[in-house]
Amino acid sequence: MSDTHSETVAYVRETILPPVPPPLAETGVIKWLRENLFSGPLNIALTFVGLGIVWIVVSTVGPWLFRAVWDAGSIAECRQIIAERHGPDASGACFALIKHRWNQFVFGFYPQALYWRPVLAFGLLFLALAPVLFSESARARRIVLGLAVVLTFAVAQALGAGTGALLGMLVLMLLWSALIEMRPGWSLLASLIYPFIAVWLLWGGTLWSPAMALAGFGIGYLVWRSLARFGMFAFALAVVVTAMWWLLLAGPAASALASMAPLRLRPVSSDQFGGFVLSITIGVAGIALSLPLGVILALARRSDLPVIKMLAVMFIEFIRGVPLITLLFVASLLLNYFLPPGTNFDIILRVIIMVTLFAAAYMAEVIRGGLAALPKGQYEAGDALGLDYWKAQRLIILPQALKISIPGIVSTFIGMFKDTTLVVFVGLYDPLKAMSDAIRASFEWKGAYWEPYVFVGSIFFILCFGMSRYSMYLERRLKRDHR
């Protein structure tokens, strides 16, 4: 039969052709360009428009950055160096300004001899966050801990910290890191204490003031636990007792303890804060406080109790209806009219409170969206298991709602962190406007305009990009069970 077939067909291949690679247009960069940038007339036009914009930006900014001067004593010296190197009509960046005044961009007017305190507070922040943010990844947690310890020690030493301070911070950070690795549960308690340690490091003064403020939470918890059988009455009584402790007894108790054991650091007033120390202090405090407050407001807005729901709606809608600058002016000017005469309410603390309230209102709506996205069966599952309201929320509802709301929560955090530059309107030295203007007011650097904005914008981009990357990592980790 094969002989017959070979006789009737004109040509039959008797050998198999060797494999060959696909055409160049069907693989590699050419395929990607054809499918993504030149797939149709509109895509081709948009690609050429985008390339034109990129060319304009690069041709304008590129030479300015390429001719940058990093070592000069003044803006006039920068311009002289650029003219000698690239011609009399050439222009270039004068980043020597950043080299000379970086400490003011970072620390504001904080005393130079005490730079190690904000550095230590910032390093301890990573130790406090590591058991929370990287609880399931031992490798990532150890990398963060190692970098935090090494970089904190190295930066503090480079900034001229004393031997005693260096030894103390090294021992503290090593013990804290060992606690995180050996006793993860206890390390969470240390994370809760961190805000009071940071306040003491940043503002100084006696250790007993933040310790007595922390004791107020402990007293309120004991009252609530001892009367837990009375439900909301126990919670309300705990809040009242805590407030009374802070208003009436915390100050005298701190003074009495300070007279017996004067554990003090050199005080630093709020008007000496500035730069990124100020922005990070306000941003981190606002982020840490606005999330739990936002959760409470979101639950209150979905409550079946009409009074609770009405109060939550009024608060959220009022805060969202006014700009943040209005609240900052209230914190700076109007709040003093409602305080007793002679009351000294720290301006940074007032700003933190207003920023927290502002972010919490937006956070509540983000979390309410996550709660609304849950199917009704999740609530019914809690009821079927016999869980009360708080246990059902804590064990079933909130973990899923927060997981759904991660992109919105992180967006709120990033927006709030960038909004910390608005504190310039209440007289605080933010790194973008107030600190840049203060540096440009000096005779040496008068005329430098874009360089501070480029430097401060780059730092903000790095911090906000880091938060965005972590949120994506968290989303991937939490979606592991659904793959």
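1. Leaving aside neighbours within four places in sequence, Ile404 is in contact with Gly370, Ala373 and Leu374, where contact means heavy atoms within 4.5 Å. Ile404 belongs to helix α17, helices here being DSSP runs (H or I, at least four residues) numbered from the N terminus. Between Ile404 and Leu374 there are 30 residues in sequence and 8.9 Å in space, C-alpha to C-alpha. Ile404 is partly exposed, with a relative accessible area of 43%; buried means under 20%, exposed over 50% and partly exposed in between, with a 1.4 Å probe and protein chains only.

2. The model is predicted, so that local features need pLDDT of at least 70 and side-chain atom pairs count only at pLDDT 80 or more, while totals for chains, interfaces and linings use all residues. Residues are numbered from 1 along each chain as its sequence is written, and side-chain values use heavy atoms, with hydrogens and water left out.

3. Helix α17 (residues 389–404) packs with helix α16 (residues 376–384) at an angle of about 165 degrees, their axes lying 10 Å apart. That makes α16 roughly antiparallel to α17, a term for angles over 145 degrees. On the α16 side, Gln378, Tyr379, Ala381 and Gly382 meet Ala392, Gln393, Ile396, Ile397 and Gln400 of α17. By class, this contact has five nonpolar, four polar and no charged residues; Ala, Val, Leu, Ile, Met, Phe, Trp, Tyr, Cys and Pro count as nonpolar, Asp, Glu, Lys and Arg as charged, and the others, Gly among them, as polar.

4. A second pair is formed by helix α13 (residues 306–320) and helix α15 (residues 347–373), which pack at an angle of about 115 degrees with their axes 9 Å apart. Here Phe315, Ile316, Ile319 and Arg320 in α13 meet Leu357, Phe358, Ala361, Tyr362, Ala364 and Glu365 in α15, and the contact has eight nonpolar, no polar and two charged residues.

5. Helix α20 (residues 450–478) has 29 residues and reaches 42 Å from its first C-alpha to its last, close to the 42 Å expected at 1.5 Å a residue. Its buried residues include Glu451, Phe455, Phe460, Cys464, Leu474 and Arg477. Among the elements that cover the buried residues of α20 are α3 (41–66), α12 (275–301) and α18 (406–419).

6. Ala158 lies in helix α7 (residues 138–158) and is exposed, with a relative accessible area of 67%. Ala158 and Arg394 are 236 residues apart in sequence and 46 Å apart in space, C-alpha to C-alpha.

Key: Axes fitted to C-alpha atoms, helices over the stretch in contact; angles between N-to-C directions. Helix = DSSP H or I, 4+ residues; strand = E, 2+ residues; numbered from the N terminus. Parallel < 35°, antiparallel > 145°, perpendicular 65-115°, else oblique. Expected span 1.5 Å × (residues − 1).
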